[in-house]
Amino acid sequence: MKYKKITPWLFLIPTLLGLVFFRLGPMLAAGLASFTRWNVFSPPKWIGLGNYIELFSSGTFRMILKNTLIFSGLFVPGVMIAALFLALLVNNRLRGMTFFRGLFYLPVITSVVSIGVIWSWILSPRFGLLYQLVSKFFNIARLPSFLGQPEYALYTLIFVYVWKMAGYQMILFLAGLQNIPQVYYEAATIDGASIWQKFRYITLPLLTPTTFFVLIISIIMSLKTFELTYIMTQGGPNYASTTLIYSIYVNAFKHFRMGYASAMSYILFIIVAVFTYLNFKYKKRWVHYSE
Amino acid sequence: MSLGRKIILYTILIAISFTTLFPFLWMFSSSFKTMGEIFSLTPSFIPDNIFAEGMWNNYKSILQEYNFLRFIFNSFVVAGLAALGQLFTCSLGGFAFARMEFRFKEVIFALMLATMMIPIQVTIIPEYFIMLKLNWYNTYLPLIVPSMLIGSFGTFLLRSTFENMPSSMEEAAFIDGVNDWQMFYMVFLPNAKPALASLFIIAFMNNWNALLRPVIYIDKPDLYTITMGLAMFKGNYGTQWHLLLAGSVLSILPLLFIYMSMQKYFVRGMLTSGTKG
């Protein structure tokens with residue numbers, strides 16, 4: 001009773017086509033392209049490490065890397081703390097909890113573009129909702145332009161993205177919380193542990209595998225944030241909110257510097273690859289920790 | 001649980017619900033307002049023209065004059081076909097990985113998982129040239145084909161679904177003399193309906209919301225997806241908030257209906273992508 005030898009290969013045709021033509025092939029090609037000077041209109045010219053040298057000696061690129069670091073550095077803890085808080089909250093057995101979970105998840109399914117529209121409007125200077133409310137209740141004559149001023153634009157994007165994505169990480173944490181055996185809590189209650197002690201000595205340690213996974217997912221998510229920048233700031237004002245992933249798009253499809261953009265995409269690729277590798281390597285050990 | 005604790009919990013829950021819902025509700029109510037009303041210095045939650053003459057003006061205008069009806073149609077075609085395509089690719093691939101033995105199985109599967117997290121921006125430049133060479137620029141195809149063929153998450157989801165089905169099912173069917181295709185299509189696939197539903201919804205949602213590929217591959221307004229149409233509208237007529245907000249509501253509604261009617265599949269699918277990805 002066996003399948004024919006050829007069957008798995010026939011079944012895998014679409015998967016392999018996708019893997020070869022839209023993943024592995026382009027990955028290799030992008031690596032090669034990163035060593036060339038190449039716009040769309042003339043054939044690529046080999047320039048060795050030229051693009052990488054240009055990147056690392058460019059002040060703009062250093063600023064872009066710094067922005068990327070700030071974005072990830074604030075988004076990741078922000079979204080994780082918000083999500084863990086939400087997960088602990090909706091893990092309580094109360095009437096109507098399914099409703100609240102569904103509701104907190106709502107921004108996740110909504111497109112980034114419409115979220116960007118909503119928040120651009122709320123935050124738009126003078127006529128935006130926030131400005132109107134603030135001027136109504138507090139006597140503040142002028143608020144800064146949160147999207148139009150370079151010192152605020154990036155942080156505004158981070159805030160909006162945490163607001164949008166927290167529901168996703170919440171679901172992941174919730175699954176982790178529900179895997180913690182109830183008996184530990186019961187035993188701790190008998191020993192007279194406080195809510196904080198239970199959280200500190202039971203929930204947090206036993207949640208470690210989940211937390212680690214959520215950390216990796218959140219880091220990669222932060223590095224992939226393109227749509228929100230596109231719709232809310234277009235990377236501006238003056239590169240203030242341009243991150244690596246947005247810069248790849250601009251250089252490739254606005255300036256048509258394909259080689260240069262490929263070099264950037266490779267830097268991004270290496271960063272993501274490191275985190276993917278860490279995930280694969282440490283996942284088993286963390287999982288053992290809980291069992 | 002004590003009554004006091006219950007009250008505190010509900011208070012927090014309601015406060016957070018408000019933070020989540022308020023931007024949406026405000027957008028919804030404002031999508032009926034006239035431009036003058038939106039820019040009024042004393043904003044009101046209830047639009048003046050509600051249930052009155054001209055209530056639907058913004059929606060009529062954005063759907064007809066600004067072609068959003070067409071964009072919605074395009075999005076349904078693109079997201080629907082890409083999601084169906086992913087069901088095809090992933091169920092076949094997942095079945096092969098789950099139930100069959102073949103050379104390089106582990107290597108192929110590992111490669112698929114390893115490349116799952118890599119952002120499309122890494123592969124988009126070579127992909128762009130493939131699309132130019134194939135003459136697919138300004139067609140639906142670049143929005144559908146790569147997405148339907150790269151289904152690492154879906155393949156993973158269906159592999160575990162098929163792996164968890166009993167071997168007795170397989171053995172009995174072999175004795176009955178089914179061929180390999182029938183085994184897949186008639187014996188296993190009907191039992192995977194919940195996983196297929198999860199995958200369809202998630203793939204549909206991702207493609208509905210996608211922005212990068214439409215922006216790169218489409219510059220004919222007739223082919224814009226709703227997401228791209230909305231982004232373009234914001235770029236061109238960014239101050240016409242009354243229309244922009246109506247367009248934004250339209251881009252959310254279809255997903256909202258799907259989400260509300262099939263919430264359990266959404267969450268189940270996301271969980272698989274989360275805990276096992």
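I'll start with confidence. For the complex, the predictor gives an ipTM of 0.87 and a pTM of 0.89. Chain B has an average pLDDT of 87, and 95% of its residues score at least 70. Within chain B, the highest confidence is in helix α4(B), at a mean of 94. The lowest is in helix α15 of chain B, residues 263-276, where the mean is 61. Where pLDDT is low, the predicted coordinates should not be read in detail. Please keep that in mind when you look at helix α15 of chain B, with its mean of 61.

Next, the interface. On the chain B side, 67 residues are in contact with 70 residues of chain A. Which element of chain B gives the largest share of that side? That is helix α1 of chain B, residues 3-30, which supplies 11 residues. Sorted by class, the side of chain B that touches chain A holds 47 nonpolar residues, 15 polar ones and 5 charged ones.

Now a helix pair inside chain B. Helix α8, residues 152-163, packs with helix α11, residues 193-209, and their axes are 10 Å apart. The angle of this packing is about 170°. Angles over 145 degrees count as roughly antiparallel, so α8(B) and α11(B) are roughly antiparallel to each other. From α8(B), the contact uses B:G154, B:L157, B:L158 and B:T161. From α11(B), it uses B:A195, B:S198, B:L199 and B:A203. By class, the contact of α8(B) with α11(B) has 5 nonpolar residues, 3 polar and no charged.

Last, backbone angles. Most residues other than glycine have a negative phi.

One is A:N238, which is not a glycine and has a positive phi, near 50°. A:N238 sits in the loop of chain A between α12 (227-232) and α13 (244-253). Is A:N238 buried or exposed? It counts as exposed, because it has 11 C-beta neighbours inside 10 Å and the cut-off for exposed is 12 or fewer.

The other is B:F104, also not a glycine, with a positive phi of about 65°. B:F104 is found in the loop of chain B between α4 (68-99) and α5 (105-114). With 9 C-beta neighbours inside 10 Å, B:F104 therefore counts as exposed.

That is the end of the talk.

Methods. Residues numbered from 1 in each chain as written. Chains lettered and ligands numbered in written order. Predicted model: local features only at pLDDT ≥ 70, side-chain atom pairs only at ≥ 80, totals over all residues. Contact = placed C-beta atoms within 7 Å. Helix = DSSP H or I, 4+ residues; strand = E, 2+ residues; numbered from the N terminus. Nonpolar A, V, L, I, M, F, W, Y, C, P; charged D, E, K, R; others polar. Axes fitted to C-alpha atoms, helices over the stretch in contact; angles between N-to-C directions. Parallel < 35°, antiparallel > 145°, perpendicular 65-115°, else oblique. Buried ≥ 20, exposed ≤ 12 C-beta atoms within 10 Å, placed from the backbone. pLDDT = per-residue confidence, 0-100.
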